[in-house]
Protein chains: 2
Amino acid sequence: MAALHLLSPRGFVAGATHAGIKRRNVPDVGLLVCQRAASAAAVFTTNKVFAAPIKIGREHIAGGRLRGVVVNSGNANACTGRQGEIDALAMCSIAAQVVGCDERMILPSSTGVIGHLMPMAKVETGIRAAGADLGDSAEHAERFADSILTTDLTRKAAAATIKIGRQVVTLAGVCKGSGMIGPHMALPGKAGSPLHATMLAYLCTDADIAPAALRKALALATDSSFNCVTIDNHTSTNDTAVVLASGLSGAKINTAPALKKFTAAMVELCQSLAQQIARDGEGATKLVTVTVKGAVNATDAQAMARAIADSPLVKCAMHGNDPNWGRIVSAAGMCGARFNPDQATLTLQGTRVFHRGRPLTFDTAHVSTSLAAKEVTVELVCNLGKAHATVWTCDLSRDYIRINADYHT
Amino acid sequence: MAALHLLSPRGFVAGATHAGIKRRNVPDVGLLVCQRAASAAAVFTTNKVFAAPIKIGREHIAGGRLRGVVVNSGNANACTGRQGEIDALAMCSIAAQVVGCDERMILPSSTGVIGHLMPMAKVETGIRAAGADLGDSAEHAERFADSILTTDLTRKAAAATIKIGRQVVTLAGVCKGSGMIGPHMALPGKAGSPLHATMLAYLCTDADIAPAALRKALALATDSSFNCVTIDNHTSTNDTAVVLASGLSGAKINTAPALKKFTAAMVELCQSLAQQIARDGEGATKLVTVTVKGAVNATDAQAMARAIADSPLVKCAMHGNDPNWGRIVSAAGMCGARFNPDQATLTLQGTRVFHRGRPLTFDTAHVSTSLAAKEVTVELVCNLGKAHATVWTCDLSRDYIRINADYHT
């Protein structure tokens, strides 16, 4: 069996092209289309400064049905006023002509620089070219995945199958995100839990599932995946994750066990994508997984995991392979969560370094060497309750400064 | 008249010495003594992981009277368990012998690496040597100020006089802080507003003021100064600010107008010290003053100013002299405060760059050149209310990474 990709679920095609929004000759406009009106759900940034496509997207997802998404990279269409909204709607309208549907059946996304009007002539040509290129091959999936990248160094994709009764359901997704990552996404109208960056994620499935159930599954998956990634704790104006369900597998997700199984698969898919984002954070040399266990409640657990993952001091220590546990324990203590160092245990890459208020004697050179891995785990056990949380981040390197001090508006 | 310094207020002497806690031959133990039982107040870190001297300090300040403070740099005496408390108390006890007072009249402070027991033989020798060196000269003041520095590149001090009736009251202070700066200090037992780093501040005055009034003045000054500095948004285990009032000017601060004048002077003194901390942040090349005006309330104003000042993306833009206003406006939008970009105006170094939801046309090269200054101002006007807040920070440079990825435990 061939490797799964974004277009493996039945009923989807995609196309992408270099429209010239970006100078480099890489795809910067993409179109993902379902052959029928898909059941759909989306979560969006909770930033009060949200881009024009977010405004239009919230309107278009309201009915719970979409035929497709139109995306571009190189320009965020954010802080662009009324003209920005006209342009985001025009992107939908052009895509709808290509697809042959109502413009409200298309969800738009943009990522890139803030505060510049969209070069609409290029965008229109791009959307039409992407529409002329639609297909369901792995190559089409890859080109679409590439069309959403900005400072990303790697393409990000994941896919899985589950069995519902005797039927096979495929779930697949692509995403982007490398800087301005600290997503806090929520269903339209919901406050949502905190998250940040421009991160975009597009998920396809051939499950037969109603929009309401799909919304629940996406919200739950987002809260335990994309909303648990932080690169620089800066929530973007454009964060979006959307899922389209074609129903063409014939597998109905209309019982509690089926929904549970489907949601679990979506959680796992989104967690894979989220980890790919953290691993490819701007300037990152490693993926850092921060787990807090034994907290009084989930809010406390997440606050501590985030405080650790967002501390520049912790991130620099991770970059320097320095088992500087004082920075980690003090980060847990500063976020307002209930925490008592005299009851806590900290483990770095499997080595206990702090236990019940006191440093443990450990082989610093050994732990430092173990921290030089591509994947590093930080585990704080609070011994105060049963709640836990995991946040994915990366180290903070000189390259983050280079990318963000030299990337001019 | 000679320049004012920490020991200009009547009744104070100080001494400092190199005890050998630090390898470099710089003062690392200091003693600041009042010739009589001074009225005293202190605020401490609100981190749940607090160092042993914080625990002892909270106990010793309870009576509102102190004879002095004993300080060391090079070791934070944090996460050191019961032995750490014994050592912090021993520091007070040795200092009390030197001064000739009860050990509860001494407040201890430590700053440096977390998780190592204090080298008490060196510390004891150091405290006795500092005690043998006590004096009230400018040089004594400078040596004391130097004894609290860690990664700081500059000594930090400020002083002022005010007239209360016909009498002159002198206020003076020294402080330290460069990394792990995001103080959130509060009076013992109070929740306090957020702040972060190890920052230490010692203030002397010869005003005649009761402990309760001094506490109020210090709490107010702290909330509008030290608690408004952020280098890396990491609240230290050791943050402390303490003020001693000898009363020897004879000027009684016991009327509302006198207290108002005294408090205003203390606010100004602490703001000067706070700005010195931001200016000398680890790796900093410039002081960045973020002011938010027209917010719905003070909490919102401070949340937005902090979100801007703590964003690594904003700090990198400041480092690169990049008028990347999208990062600033989106930071204001992500912190939960009430904010509407369509009503807001952003000004960078005096140039309006964003107004009511839309970019303004401006000379990018000119603004970039203006951002290359040693002091940069970012002003966001929300037009939603009357509340305002100011936060001081610095840019984020490769040197921050060098200092914190290479500074090993």
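Visitor: What makes L7(B), V33(B), L134(B), G135(B), D136(B) and H140(B) contacts of V13(B), leaving aside its neighbours within four places in sequence?

Guide: Two residues are in contact if their C-beta atoms, placed from the backbone, lie within 7 Å. Leaving aside neighbours within four places in sequence, V13(B) is in contact with L7(B), V33(B), L134(B), G135(B), D136(B) and H140(B). Bear in mind that this is a predicted model: local features need pLDDT of at least 70, side-chain atom pairs count only at pLDDT 80 or more, and totals for chains, interfaces and linings use all residues. Residues are numbered from 1 along each chain as its sequence is written, while chains are lettered from A and ligands numbered from 1 in the order in which they are written.

Visitor: Why is V13(B) called buried?

Guide: V13(B) has 21 other C-beta atoms within 10 Å, so it counts as buried (20 or more is buried, 12 or fewer exposed, in between partly exposed). V13(B) sits in strand β1 of chain B, residues 12-17. Strands are DSSP runs of E, at least two residues, and helices are runs of H or I, at least four, numbered from the N terminus.

Visitor: How do you know that helix α8 of chain B is largely enclosed by the rest of the structure?

Guide: Count its residues: 8 of the 8 in α8(B), residues 312-319, are buried, so the helix is largely enclosed. Among them are P312(B), K315(B) and M318(B). Just after α8(B), N321(B) takes a positive phi of about 55 degrees.

Visitor: What makes α11(A) roughly perpendicular to α8(B)?

Guide: The axes of α11(A), residues 398-406, and α8(B) come within 7 Å and cross at roughly 70 degrees. That makes the pair roughly perpendicular (65 to 115 degrees; under 35 is roughly parallel, over 145 roughly antiparallel, the rest oblique). I401(A), N404(A) and A405(A) of α11(A) make the contact with L313(B), C316(B), A317(B) and H319(B) of α8(B). By class, that contact has 5 nonpolar, 2 polar and no charged residues.

Visitor: And why are α5(A) and α6(A) called oblique to each other?

Guide: Helix α5 (residues 211-223) and helix α6 (residues 256-279) of chain A have axes that come within 9 Å and cross at roughly 40 degrees. The two helices are therefore oblique to each other.

Visitor: Which residues of α5(A) and α6(A) meet?

Guide: On the α5(A) side they include A213(A), A217(A) and L220(A), and on the α6(A) side they include L259(A), F262(A) and M266(A). The residues of this contact divide into 9 nonpolar, 2 polar and no charged.

Key:
Axes are lines fitted to C-alpha atoms, for helices over the stretch in contact, and angles run from 0 to 180 degrees between N-to-C directions. Ala, Val, Leu, Ile, Met, Phe, Trp, Tyr, Cys and Pro count as nonpolar, Asp, Glu, Lys and Arg as charged, and the others, Gly among them, as polar.
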